[in-house]
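The following exercises concern a single protein chain. Please examine its sequence and model before reading each worked solution.

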Amino acid sequence: GDPGVPAARRSPLEDPSVLDKKLTARQIDDLSRRDLRIARNTIFARYGRSFKSPILQDWFAQKAWYKIDPKYSDNVLTEVDKANIALLQAREDELGGPLTDADHAFEDENGGMVAA
């Protein structure tokens, strides 16, 4: 992320270290359902969880920091992680619930990202 942007305004999509602390509602209020889904799954990905969703798996596979841990378990999640997951999920629910892969692909294609 841009070092000039304070951590409180940085997106977890650009800077996963933002997720080391509890997110505030203000930090995520301008994220789309797609971005919320990615942010929420970034929490799991940072511990090496693999994803059934090809879209999520492809997204994280492109990140230098992402390494699959075959021994991954949700037991590694901290209280901060759980609070952030709950906050992101609550926001997703306000917007109509988490995106499915089909919706996510549609949003990617129609949000300026053209499928190759």
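This is a predicted model, in which local features need pLDDT of at least 70, side-chain atom pairs count only at pLDDT 80 or more, and totals for chains, interfaces and linings use all residues. Residues are numbered from 1 along each chain as its sequence is written, and side-chain values use heavy atoms, with hydrogens and water left out.

**Exercise 1. Describe the setting of Thr 42.**

Step 1. Thr 42 lies in helix H2; helices (H or I, at least four residues) and strands (E, at least two) are DSSP runs, numbered from the N terminus.

Step 2. Thr 42 counts as buried because its relative accessibility is 2%. Buried means under 20% relative accessible area, exposed over 50%, and partly exposed in between, with a 1.4 Å probe and protein chains only.

Step 3. A polar atom of the Thr 42 side chain lies 2.7 Å from the backbone oxygen of Ile 38.

Step 4. Neighbours within four places in sequence aside, Thr 42 is in contact (heavy atoms within 4.5 Å) with Pro 16, Leu 19, Phe 60 and Trp 65.

**Exercise 2. Identify the members of the largest nonpolar core that touch the most other members, and the elements that contribute to this core.**

Step 1. A nonpolar core is a set of buried Ala, Val, Leu, Ile, Met, Phe, Trp, Tyr and Cys residues joined through side-chain atoms within 4.5 Å. The largest one has 20 residues, of which Phe 51, Phe 60 and Leu 88 touch the most other members.

Step 2. Two or more residues of this core come from each of helix H2 (33-45), helix H3 (54-61) and helix H4 (79-94). H2 gives the largest share, 6 residues.

Step 3. Beyond residues up to four places away in sequence, Leu 88 touches Leu 23, Ile 28, Leu 36, Ala 39, Arg 40 and Ile 43.

Notes. Polar contact = N/O pair within 3.5 Å; in protein donor to acceptor, adjacent residues only side chain to side chain.
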